[in-house]
Amino acid sequence: MARSQESALREKLWLWLQLSPVLLILAVLFGGALVLAVVQSLGFAPWFGVNTFPSFQYFGALWGSASFWESLWLTLYYATVSTVIALAMGIALALALVRTFPGKQLYKYIYKLPLMIPYTVGIALAVIMLGNGGMVSRLAAFFGFISDPSQFPQILKTHAGWGIIAVYVWKQVPFITLAIYAVMLGVGRETEEAAAILGANRWQILSQVTLPQIMPGVVSSTLICFAFNVGAFEAPFILGGGFPDTLPVVAWRYFNDADYTLQLQGMATVVSIALVAGIILFTYLAIYRRFERKIGRN
Amino acid sequence: MTEVRLNAVQKRFGAFTAIESIDLDIKSGELVALLGPSGCGKTTTLRMIAGLEAPTSGEVLFDGKDVSDVAVQKRNVGMVFQRYALFPHMTVEKNVTFGLDVRGLPKQEINERLEEILDVVQLNQFRKRFPAQLSGGQMQRVAIARTLITKPSVLMMDEPLANLDTKLRGEMRRFIRELQKRLGITTIFVTHDQVEAMELADRVAVIFNGKLAQFGAPQELYQQPNSTEVADFMGASNIFSARLLAADRAEASFGIIEITPQAGLTTGADVHVMLRSEGIDLYPQAEAPQGTQNLISGQIKAREFFGASVQYVVSAGGADITVAEQSRRLLDVGQPVILSVQPDRVWTIAR
Amino acid sequence: MTEVRLNAVQKRFGAFTAIESIDLDIKSGELVALLGPSGCGKTTTLRMIAGLEAPTSGEVLFDGKDVSDVAVQKRNVGMVFQRYALFPHMTVEKNVTFGLDVRGLPKQEINERLEEILDVVQLNQFRKRFPAQLSGGQMQRVAIARTLITKPSVLMMDEPLANLDTKLRGEMRRFIRELQKRLGITTIFVTHDQVEAMELADRVAVIFNGKLAQFGAPQELYQQPNSTEVADFMGASNIFSARLLAADRAEASFGIIEITPQAGLTTGADVHVMLRSEGIDLYPQAEAPQGTQNLISGQIKAREFFGASVQYVVSAGGADITVAEQSRRLLDVGQPVILSVQPDRVWTIAR
Amino acid sequence: MILIVGFILGPFLPLIIQSLAFRWAWPDLLPSTWWMDQREISKLPLAWDYVLSPYSRILEATINTVLIGSIVTVICLAICLPAARVLARESFRGKSAFEFFLSLPLIVPEAAIGIALLMIFIRMGIAGSYVGIIIAHLIPTIPYMIRMLTAVYQGLGKDFEEQAMILGASRWQVMRLVTLPMLLPGVVAGALFTFLVSTNIFLLTFFLGQGKIITLPTLLFSKIAGGTLDASAAGITLVVTLPGVVLLIISERFIKEEAFGKGFGN
Amino acid sequence: QDPAATEFRKGFLAGSLDWSAVAERAKSEGTVNLYYWGGSDPLNVWMDSIVAPAMAELGVTLNPVRITGTKDAVDLVLAELGSGKMVGEGSVDAIWLNGENFSTLKKQDALFGAFAPLLPNAKNIEWDETDPRSLLNLRDFGVLTGGAEVPWSGEQYVCAVNADRVSAEDVPHSFDGLQTYLEANPGKFIYVKPPHYIGNTFVQEAVYAHNPDGTGAAPFQQSLDELGAAELARLIAPGLEYLKNIEPLLLGGDSGTPRYPEDSNALDGLFLNGEVNFNCKFGLYAVATGLSQGTYPEAAQEFVFPEGNMIKNKNYLAIPANAPNPGAALVLADYMSTVEAQISKLEFTGMPAGIDPWLLSDEDAAALAAASPGHTGLQAADLDANIAPDTNATLVDVIEATWLEYIERDSTDSIETIVTRAAENLNQ
Ligand SMILES: Nc1ncnc2c1ncn2[C@@H]1O[C@H](COP(=O)(O)OP(=O)(O)OP(=O)(O)O)[C@@H](O)[C@H]1O
Ligand SMILES: Nc1ncnc2c1ncn2[C@@H]1O[C@H](COP(=O)(O)OP(=O)(O)OP(=O)(O)O)[C@@H](O)[C@H]1O
Ligand SMILES: [Mg+2]
Ligand SMILES: [Mg+2]
């Protein structure tokens with residue numbers, strides 16, 4: 001006899017017992033909320049006197065309207081543009097951080113500040129800096145470029161969304177920098193040195209040796225940022241350009257509508273957000289996994 | 001190919017001095033081993049030669065020219081890192097050709113050189129694998145191939161064999177030596193294992209605490225260490241304090257022993273005498289040779305069987321003398337024995 | 001102290017079979033080495049004995065009793081891990097007493113035992129240090145002290161010396177053997193280094209690919225390997241195919257050689273003959289001994305100087321024969337030589 | 001670099017000015033009337049007087065934020081430690097599915113579950129209560145914590161725990177005497193990050209707090225929801241920034257970058 | 001269901017309970033959870049510094065819950081009722097609300113009951129149906145209050161102009177005038193975005209002013225059922241057309257979508273920075289308060305706009321059916337109806353009294369008048385002369401939905417179709 005069946009069972013039980021609190025919270029609350037959102041979006045809401053489960057009328061109405069697609073486009077536009085910009089800046093900064101330069105110590109302090117404070121602060125800063133009545137506009141007036149706030153190029157409250165993007169970038173660059181920097185420290189500089197000795201120039205080292213090795217950091221930090229950006233509410237709500245709004249704001253407006261049946265429409269909206277985020281991120285992950293397999297990680 | 005010279009090179013990291021001052025003169029095509037305990041500054045020395053680290057003072061010369069201002073990429077050196085530093089995301093092939101790829105050599109030539117070097121290191125069937133799928137010895141060979149393919153004029157290897165098992169180690173040693181001799185590349189390698197240094201190198205530089213302790217051919221280091229530290233580090237087991245009674249006689253605790261006279265040592269001087277364990281003959285008391293010099297009688301105190309050899313500890317006149325014999329016969333612990341050593345196998349070092 | 005027995009023990013990890021089936025019988029107080037190449041299943045075997053891993057089938061017996069259901073904590077075994085696994089956040093003292101502290105022994109007793117063991121391992125002056133402030137050998141000793149203080153009835157060590165340099169390794173080996181003999185604890189240690197196994201163990205178990213290849217005293221393994229694999233792994237360098245011409249004569253590519261007759265081998269059988277490189281005498285052609293059996297003439301093809309010994313490769317009749325000599329004189333490459341080997345140093349293994 | 005520092009710190013300058021202003025209209029570069037000038041005249045507390053008074057609820061929000069963040073961190077740590085250990089060490093059926101499930105909250109936006117969660121909480125009677133908020137905060141923080149701790153565990157190696165077991169330590173002793181102290185850097189980093197995420201969560205707190213429980217992000221959101229910033233809003237923004245600065249100092253002092261970002265290796 | 005609370009509710013509403021019993025119960029309950037819009041600093045200060053201590057004297061701890069949208073509280077009450085939390089078991093004791101939120105609670109039968117006239121201080125409020133001045137106490141956006149909420153504050157929709165930027169003769173007084181002004185000065189006006197009630201009110205005023213029958217607010221006092229969707233569509237169409245037409249002239253309108261602010265704070269900001277020259281919102285004394293807070297430009301002045309259609313209404317405190325502390329909620333409602341509470345409120349926040357001055361002693365009435373911050377640019381009489389009533393709450397939702405569809409989302413459907421659809425949805 002190896003180890004008795006009973007003790008094997010005990011092992012198993014103990015293992016799942018250790019996982020159970022986490023499982024419980026995520027399955028019951030997170031999973032539960034997700035399921036509830038889905039069934040509601042499919043017409044199950046007896047508490048509003050609606051029960052047409054399962055019916056796709058809410059999704060139908062939602063996806064059938066042009067404004068949904070505009071909103072979706074807008075949501076993805078903000079999320080993508082800001083993630084891409086933040087990523088580019090994050091990588092550049094992380095690369096810079098590995099080297100030594102004067103004032104690095106102080107700089108290492110400061111760059112993380114946005115990471116530590118809520119998005120709402122970033123929004124407040126955007127308002128005070130970038131608004132038509134904001135600081136930049138005032139400086140422009142001071143130097144005589146404009147004579148009325150309306151002449152200042154619209155940054156906030158437009159569908160071009162540069163204000164929203166600025167806030168996301170401001171907040172997420174440090175996060176991405178940190179993630180990539182940490183991965184870089186883990187990778188170490190030996191392979192870079194090896195490449196230098198083998199005659200690679202700086203650009204070749206970066207593109208052929210460094211970047212492929214920090215991919216895991218790049219991927220997971222983009223993943224997290226993009227998902228957040230798709231689902232973010234406060235920045236597009238405060239800084240957005242009004243109708244059409246991003247999907248989370250649309251959902252919020254549905255939930256706040258006097259018409260309670262629109263709650264279900266709202267549920268359909270949030271489920272759509274989850275779907276869209278899910279699909280995009282999984283595609284991204286799938287592509288990345290292929291890349292990883294190609295370079296021999298597993 | 002290239003002659004490498006370190007001129008009073010010193011290296012400090014902040015307040016800490018890693019290399020005090022090293023002069024080293026490596027001939028073109030020579031294979032030099034840097035030998036020393038952990039932390040003595042071997043890696044640092046290599047890195048300065050490669051240009052990965054700038055000396056705090058002193059100069060590094062290649063063929064007589066100061067290379068301070070020559071970038072790493074331009075020095076045409078090769079380096080095999082202690083932990084190989086293979087690119088984990090590239091196949092064996094890609095790793096090996098990396099140095100040529102970045103130079104933008106024609107595909108044709110790259111392929112030819114690749115085939116050639118893969119044959120040499122016998123990695124043909126592993127060419128599509130990634131480093132994670134290789135064994136330690138194979139990784140080692142990839143690291144070497146990757147370096148050699150660029151035809152560096154100076155090749156450096158940082159403890160290239162530290163992570164391999166005895167058998168693989170032996171194979172790799174032979175492989176490296178053959179290759180180096182064939183290509184004639186000036187080679188410097190780091191090790192903390194004296195056997196490895198002896199086996200591979202034309203000359204060995206022993207470094208202690210950032211200082212060059214001795215630099216010479218393996219046999220010279222082995223037989224004429226210039227200090228007890230070097231002797232000890234080179235595996236000498238029997239070092240005893242003694243006093244010179246005459247130019248050719250010394251008195252140690254186990255008795256009087258005849259030695260080869262050595263210049264600079266005068267009668268009455270305090271010295272160390274060193275008897276290599278494998279330089280001593282051991283006889284059962286009954287079989288003791290007659291008329292030979294330097295007979296020491298003692299008793300076997302311990303015995304160790306190593307397969308190829310047997311090692312005895314013999315206690316003689318209050319001293320423990322280690323004797324190594326090839327394992328042809330076995331003597332038992334407690335047996336009285338006679339030790340015999342030729343005067344020309346006793347080394348004397350001033351105290 | 002405790003007799004350990006593995007009964008047809010098998011271990012699978014998912015689809016992969018790490019241990020096919022091992023029977024092992026370790027006497028009380030014996031020091032057994034598990035020897036084998038990387039990945040052969042040594043660590044797995046130890047871990048099953050310790051209870052860190054449950055066998056897929058078969059049983060582990062301590063003094064004849066199945067311990068399957070005895071938790072690790074209750075088996076009263078000690079284990080020294082490959083990399084020591086010292087607790088980096090505890091001082092030497094704390095590390096050493098950890099096993100007693102968790103058992104809640106009285107302070108008084110803990111202190112007594114601590115003093116005692118610190119004396120044994122000679123770490124008295126390092127007691128307040130943290131592992132990071134110790135040398136490899138000191139860490140090793142802490143690891144051993146930490147294990148011994150709990151008075152385990154079975155002591156296991158997983159490649160305890162793999163990361164030490166040659167000198168330290170030798171010291172540690174001696175230390176372990178003395179200690180083990182003095183305390184008489186049943187000890188099993190893992191190594192992939194045959195010299196280490198030979199030097200330390202009472203008996204050696206050679207494992208290949210999850211199977212026990214041979215289990216016996218070091219000398220037995222060395223001189224009578226039961227397969228060429230074992231022979232090869234035990235460092236034999238000259239293994240040649242041959243045919244038995246008579247019970248005491250075999251024909252190999254380099255000529256006819258006399259051997260010790262061996263039971264079970266009949267004339268005409270295909271065999272391997274094995275000549276240990278250190279069992280061969282080598283003479284310059286001029287000095288060849290007269291009237292001796294088994295003289296093979298050849299020419300020196302390569303020479304390696306290892307400090308204590310010299311190794312020659314002699315080519316004779318199309319075969320390369322490796323010969324090891326203690327380094328007293330040096331012969332040159334190309335010199336014609338005569339090899340001589342006693343029939344009782346030629347081992348024959350059925351093919 | 002100077003540009004980046006400007007990008008990060010620059011906006012705080014007008015914020016400080018605004019917080020001291022009484023009336024600051026376009027295009028003035030400095031307020032036309034400062035708060036100090038009006039301070040005596042005004043019947044109501046203005047600017048910093050308001051921010052620092054109990055009326056602004058800033059103290060309550062700060063205490064709530066820190067309290068909730070701390071409790072979330074402690075609970076998160078307590079439940080994630082064993083789970084991370086299992087994930088790093090054991091292999092079992094359904095492990096990859098489980099790992100995937102664990103990272104779902106990183107992918108599914110808070111907005112998608114907020115309202116549904118509120119419904120569940122109202123039914124359970126914990127909407128607008130600390131318990132509710134704390135539980136809700138666990139959802140987005142668990143994935144981060146698990147990732148970091150798993151990475152740390154993997155780095156730690158099994159040896160130490162096994163050694164301790166062989167030396168006779170019980171599971172609990174192993175955890176307390178060996179694992180935890182050795183994991184400390186990772187644990188601290190994970191805890192800090194969890195705290196950070198928790199104190200940054202807006203939407204879930206906003207939905208589930210029901211206005212009864214305010215934290216710094218929700219308080220600030222209510223002040224700036226319209227898209228303007230008066231003096232008191234500027235003051236509150238500055239106060240909301242403070243814990244972040246403290247956190248920054250703590251993290252710089254106690255945590256190496258490596259540990260901080262460990263969870264993002266894969 | 002909490003039997004004691006049910007008992008209490010029954011007894012009080014039947015008039016069989018003494019006020020002292022209520023006060024007693026309030027003390028034993030200990031707290032009262034008041035949900036109110038927390039977006040105004042002065043109001044918050046008043047609540048914490050005046051109301052809370054006053055309630056403490058009555059033995060009740062005030063728990064002022066600041067919410068960002070009144071609907072949140074309404075939703076909470078409904079959700080709790082939906083999950084079976086009945087009398088005495090909810091979490092909301094009192095809500096500051098009016099209009100559609102009250103109407104929703106009423107429709108869902110989620111109110112405590114006709115408590116208002118039973119409060120001791122109900123004497124300060126006109127309940128006499130025959131007196132036309134009682135209108136706003138009895139009807140909230142046209143919906144009968146039935147005593148289920150108590151008037152708490154009065155309001156009037158007043159516009160302010162930045163006199164530094166607009167000369168007196170350019171100040172518009174009608175929607176046509178506004179359009180003319182905007183054609184000359186595009187982008188210098190904006191109103192708060194519906195469904196915010198301040199935005200809704202502006203839309204209502206536009207609709208009144210463009211009533212095709214010329215009957216102003218009158219038809220909008222009927223409920224949706226009485227009026228019918230088709231008739232409503234006909235009545236509001238010109239107003240909405242007007243709003244649609246001026247969109248390009250509004251702030252940011254040149255880019256296609258005007259930048260409607262989400263609330264009055266945002267509008268204040270635009271006004272202060274000179275991005276717009278006008279600021280229309282509820283706030284009889286908004287200019288005075290804005291000046292004292294530094295949120296209005298120094299040259300801000302009130303002006304009459306739109307003539308004859310400046311909506312005036314009241315807002316109220318309601319008690320939900322499942323209030324956990326009904327006794328304390330009643331005590332709070334009663335306190336809010338006292339003269340001193342109303343005076344301090346006026347002083348702190350500039351919010352006009354909810355009680356009726358003609359029922360007060362001369363002394364109290366004078367004190368109340370003295371507490372008012374006063375007007376800049378016009379007289380109280382000018383304002384009184386241009387009053388219009390609210391739109392019926394059932395219509396508000398439809399008009400709001402129509403605005404969202406027709407103006408914000410640029411629906412190509414006809415107004416009639418939109419109104420019909422919205423009416424149907426809301427009736428579900
Ligand atoms: N970047 C550095 N900063 C500070 N000290 C350093 C640095 N690099 C090396 N050292 C120190 O310099 C000394 C020599 O280091 P080096 O790496 O050359 O040793 P080594 O001889 O290669 O040892 P090993 O055999 O352990 O690899 C060591 O004491 C080491 O701690
Ligand atoms: N947990 C595991 N899961 C799957 N395979 C394993 C596991 N542990 C060990 N193995 C495999 O079992 C085999 C034996 O492993 P083991 O660690 O016993 O080798 P070893 O003899 O100790 O080798 P080394 O000398 O390299 O330490 C190896 O091929 C290894 O890959
Ligand atoms: Mg080194
Ligand atoms: Mg092993």
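**Surface, ligand and salt bridges**

Analyst: D:Ile71 is partly exposed, with a relative accessible area of 33% (partly exposed falls between buried, under 20%, and exposed, over 50%, using a 1.4 Å probe and protein chains only). This is a predicted model, where local features need pLDDT of at least 70, side-chain atom pairs count only at pLDDT 80 or more, and totals for chains, interfaces and linings use all residues. Residues are numbered from 1 along each chain as written, chains are lettered from A and ligands numbered from 1 in the order written, and side-chain values use heavy atoms, with hydrogens and water left out.

User: Where does D:Ile71 lie?

Analyst: In helix 5 of chain D. Helix 5, residues 58–89, gives the most to a nonpolar surface patch, with 5 residues. The patch is D:Leu59, D:Ile63, D:Leu67, D:Ile71, D:Ile75 and D:Tyr130, with about 520 Å² of accessible area together.

User: Switching topic: which residues surround ligand 2?

Analyst: The shell includes C:Phe13, C:Phe16, C:Lys42, C:Thr43 and C:Glu159. By class there are 4 nonpolar, 5 polar and 2 charged residues. Helix 1 of chain C brings the largest share, 3 residues.

User: What lies 2.5 Å from an oxygen atom of ligand 2?

Analyst: An N or O atom in the side chain of C:Thr43. Backbone N or O atoms also lie 2.9 Å from a ligand 2 oxygen at C:Gly41 and 2.7 Å at C:Lys42. Taken alone, ligand 2 exposes 630 Å², and the protein buries 61% of that.

User: And how many salt bridges over all chains?

Analyst: A search of the whole structure finds 48 (a salt bridge is a side-chain nitrogen of Lys or Arg within 4 Å of a carboxyl oxygen of Asp or Glu). One of them joins C:Glu93 and C:Lys128, 3.0 Å from N to O. C:Glu93 sits in helix 2 and C:Lys128 in the loop between helix 3 and helix 4 of chain C, so the pair ties together parts 35 residues apart in sequence.

User: Is C:Glu93 buried or exposed?

Analyst: Buried, at 17% relative accessible area, whereas C:Lys128 counts as exposed at 57%.

User: What about E:Glu275, which partner does that one have?

Analyst: E:Arg259, with the closest N and O atoms 2.9 Å apart. E:Glu275 is buried at 6%, and E:Arg259 counts as buried at 11%.

Note on methods. A residue is near a molecule or strand if one of its heavy atoms lies within 4 Å of it. A polar contact is a pair of N or O atoms within 3.5 Å; within protein, one must be able to donate a hydrogen and the other to accept it, and residues adjacent in sequence count only if both atoms are side-chain atoms. Accessible areas come from the Shrake-Rupley method with a 1.4 Å probe; for residues, only the protein chains shown count as cover. Helices (H or I, at least four residues) and strands (E, at least two) are DSSP runs, numbered from the N terminus. Ala, Val, Leu, Ile, Met, Phe, Trp, Tyr, Cys and Pro count as nonpolar, Asp, Glu, Lys and Arg as charged, and the others, Gly among them, as polar. Patches are made of residues with over 30% relative accessible area and no salt bridge: like charges are joined within 9 Å, nonpolar side chains (Val, Leu, Ile, Met, Phe, Trp, Tyr) within 5 Å.
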